[in-house]
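Subject: Structure handover

Hi,

Here is the structure I promised to pass on. Please open it alongside this note.

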Amino acid sequence: MGSRTYNIITFGCQMNEHDSETISGMLSRLGYTEVPDREAADITVINTCSIRENADKRFFGTLGQLKKIKAVNPAQVTCVCGCMMQQEHVVREIKQSYPWVDIIFGTHNIHEFPQMLEELYRAREEEGRTEPLAGENMTPAEYNRAKHEIRSSRNTRVERIYEDSPEIVEGLPVNRKYRHKSFVNIMYGCNNFCTYCIVPYTRGREKSRHPEDILNEVRELACDGVREITLLGQNVNSYRGVSSETGRQWDFPELIYALDRIEGVDRIRFMTSHPKDLSDRLIKAFAECDSLCGYIHLPVQAGSSRVLKRMNRKYTREEYLELVRKLRDAVPGISISTDIIVGFPGESEEDFADTLSLAEEVRFDSAFTFLYSPRKGTPAAEMENQIPETVKHERFNRLVEVMNRCSSEKNAAYVGRVEKVLIEGEGREPGSLKGRTDSFKLVDFRGPADLIGEMVDVEIVDSNTFSLRGELK
Ligand code: SAH
Ligand code: SF4
Ligand code: F3S
C-alpha cells in the first residue's frame with residue numbers, strides 16, 4: 001500500500017492559508033502525502049472562513065460535495081477547522097446535518113490536530129468490533145445495551161474547540177506553498193471589534209510573538225532561499241512583542257528595522273495595517289528600510305466619518321486622507337490598496353457619496369470592495385436600518401466603476417518603465433511567467449520557467465485594470 005494521502009481546501013485570508021501550510025506540514029511529518037484529488041484522499045481538511053455569508057455558503061456547499069465522496073469511500077476522514085468552527089451555531093449545525101464529519105477543531109488548537117487524528121483512528125479501531133466484549137457476568141439486557149452502544153457510536157467524532165488561548169505554540173512544521181516567498185505570522189487575534197466583523201470572535205484577543213522567534217524564523221527562511229516575506233496579523237501596527245532575552249517590548253517599526261537588516265531578504269510586506277495606529281515612525285521606516293516594499297494595504301472601509309464611527313474604526317475621513325498624504329510625501333509613488341464595505345447599516349446616499357469622493361481623491365491602486373454582510377453576534381447585525389440588497393448592489397457597481405478606472409490609470413502609468421519583478425510562477429499562457437513588482441503589481445511576460453523564484457528586470461509594455469504586461473530585459 002502506498003503512503004496515506006490528504007487534501008486541504010482553504011477558504012479565507014492569508015492567515016488561513018498560512019494555517020493550512022501548518023496543517024500540511026504536520027500531516028507530512030506524519031508521513032502523509034498531499035494529493036490534488038479530493039476523492040482519492042484518505043483525509044480531507046476544510047479550513048473555513050466566516051468573514052461574509054458567502055464564505056459560509058461555500059463551506060456548506062463543499063461539505064455537500066464531500067458527502068457524496070464519503071458515500072463511496074466511508075473510510076475517508078473528514079476534518080473541518082478554521083474560523084467558522086469558533087461559532088457555536090455552526091458547530092451545532094454540522095453535528096445536526098453533517099454527522100459524518102469526523103474531526104472538528106478551531107483556530108486556537110491547530111497543533112492538536114495530529115493527536116486528534118490518532119484518537120479518531122483508535123476509536124475507529126475499537127468500533128471495528130461488532131460484538132461487545134461479552135462479559136461473563138453480563139445479563140442478556142446488559143449485553144443488548146452494550147451492542148446498542150457500539151452501534152450508536154458509529155459516527156465517531158473528535159471535537160475540540162477553545163474560545164481563546166493564552167499562548168502561542170511555536171515550532172510547528174510548515175509546508176510552504178512557494179519556494180521564494182513566505183508568510184510569517186507576527187501576531188494573532190484582534191482587539192478592535194469593528195462592529196461588522198466576526199474576526200475578534202473567531203480569532204480571540206491579540207497576542208504577539210516574541211521578536212526573537214520572528215527574527216529566527218525569517219533568518220531560517222532567508223537561508224532557505226526565501227526572498228520575500230509577508231508579515232501577517234489582523235492589525236500589525238499594534239504588534240507588541242516582548243523580547244524573550246531582555247523582557248522589553250518591541251513595537252512594529254522596531255521589528256521592521258530589525259528584519260530589514262537580515263541578509264538575503266529582499267522584500268518585506270505586511271498585512272494588514274489599521275489606519276488608526278499607523279505611526280509616523282512606520283511611515284519613516286518605508287523611506288528608510290530598503291527591503292520594505294513601496295506598497296501598503298490600508299483598509300478605509302468607508303468614506304463617511306459618520307459611518308466610520310458606527311463601524312468603530314476610530315479614525316475620520318480627514319485622518320485617513322492625512323495618512324495617505326504623509327505616506328505619499330515619504331514615499332513618492334507608493335502603491336496603496338484598500339478594502340471598502342458598501343451598504344453598512346444606515347449608510348445614506350450621502351454617506352455613500354462620501355465613499356465615492358474619497359475613492360476619487362485617494363485614487364487607490366487597487367481595492368477590494370465588499371457588500372456588507374450581517375454576521376451573527378456582531379453589533380452591526382443588530383443595527384436598525386439594514387440596507388436592502390438591491391441598493392447595496394447598485395452602490396457596489398458604482399463604486400467598482402470608480403475603483404477600476406483608478407486602477408487602470410495607475411497601471412497605465414507603469415508602461416515604459418523597467419521594474420524589478422520577483423517571478424512567482426508560470427503565467428496564464430504557455431511559455432509565460434508571472435511575478436510581482438515591488439509595488440505588488442502583477443506582471444505577465446514571456447520567459448523560461450527556470451527563472452521562477454528569481455528577481456528580474458522587466459520592461460512594462462502594456463497594462464489593464466488588474467495587471468501589467470512586460471518584456472524580460
Ligand atoms: N484586519 C483587517 C481585515 C480583515 S477582514 C483590517 O482590519 O483591515 C478583510 C476585509 O473584509 C475587511 O477589511 C472588510 O472590508 C471586510 N469585511 C469584514 N467583515 C465584513 C462584513 N461583515 N461584511 C462585508 N465585508 C466585511
Ligand atoms: Fe475585523 Fe476590524 Fe479586527 Fe480588522 S481590525 S479583523 S476589520 S475587527
Ligand atoms: Fe476569514 Fe478568519 Fe481570515 S473569518 S478572513 S479566515 S481570520
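Below is what came out of the analysis, element by element.

Please keep in mind that this is a predicted model.

**The six-stranded sheet**

An open sheet is built from six strands. Their order is β2-β1-β3-β4-β5-β6, and the pairing is parallel. The edges are β2 (33-34) and β6 (158-160). Each has a single partner strand, so one side of each lacks a neighbour in the sheet.

Look inside the sheet at β4 (residues 77-82) and β5 (residues 103-105). These two strands run parallel and are joined by two bridges. V80 sits opposite I104 of β5.

**Helices against the sheet**

Helix α1 (residues 14-29) lies across β1 (5-10), β2, β3 (43-48), β4 and β5. Its direction is at about 175° to β1. Helix α2 (residues 53-72) lies across β1, β3 and β4. Here the angle to β3 is about 170°.

V90, V91 and I94 are buried. Viewed down the axis of α3, the buried residues fall within an arc of 95°, so they line one face of the helix. The cover over them includes α2, β4, β5 and β6. E88 and Q96, on the other side of α3, are exposed.

**T78, a residue of β4**

T78 belongs to strand β4. Is T78 buried or exposed? T78 is buried, at a relative accessible area of 0%. Beyond residues up to four places away in sequence, T78 touches T44, L66, K70, W100, V101, D102 and I103. Take W100 from that list. T78 and W100 are 22 residues apart along the chain, yet their C-alpha atoms are separated by 7.9 Å.

**Strand β13**

Five of the five residues of β13 (residues 267-271) are buried, so the strand is largely enclosed by the rest of the structure. Both faces are covered. R267, R269 and M271 are buried on one side, and I268 and F270 on the other. In general, side chains of a regular strand alternate between the two faces of the sheet.

Which strand pairs with β13 in the parallel sense? Strand β10 (residues 228-232) does, over five bridges. I229 has I268 of β13 as its bridge partner.

**D444**

D444 is in strand β19 (residues 442-446). D444 counts as buried, with 14% relative accessibility; the cut-off for buried is under 20%. Setting aside neighbours within four places in sequence, D444 contacts G427, R428, S432, L433, K434, L468, R469 and G470.

**Ligand surroundings**

These two shells may be of interest to you.

- Ligand 2 has around it C190, N192, F193, C194, Y196, C197, V199, P200, Q234, H274 and R313. By class, that shell has seven nonpolar, three polar and one charged residues.
- Ligand 3 is surrounded by C13, N16, C49, S50, I51, C83, R203 and Q234. By class, four residues of this shell are nonpolar, three are polar and one is charged.

Best regards

Technical notes: Residues are numbered from 1 along each chain as its sequence is written. Chains are lettered from A and ligands numbered from 1 in the order in which they are written. This is a predicted model: local features need pLDDT of at least 70, side-chain atom pairs count only at pLDDT 80 or more; totals for chains, interfaces and linings use all residues. Side-chain values use heavy atoms; hydrogens and water are left out. A residue is near a molecule or strand if one of its heavy atoms lies within 4 Å of it. Ala, Val, Leu, Ile, Met, Phe, Trp, Tyr, Cys and Pro count as nonpolar, Asp, Glu, Lys and Arg as charged, and the others, Gly among them, as polar. Two strands pair if DSSP finds at least two bridges between them. Helices (H or I, at least four residues) and strands (E, at least two) are DSSP runs, numbered from the N terminus. Contact means heavy atoms within 4.5 Å. Axes are lines fitted to C-alpha atoms, for helices over the stretch in contact, and angles run from 0 to 180 degrees between N-to-C directions. Buried means under 20% relative accessible area, exposed over 50%, partly exposed in between (1.4 Å probe, protein chains only). The arc is that of the directions from the helix axis to the C-beta atoms.
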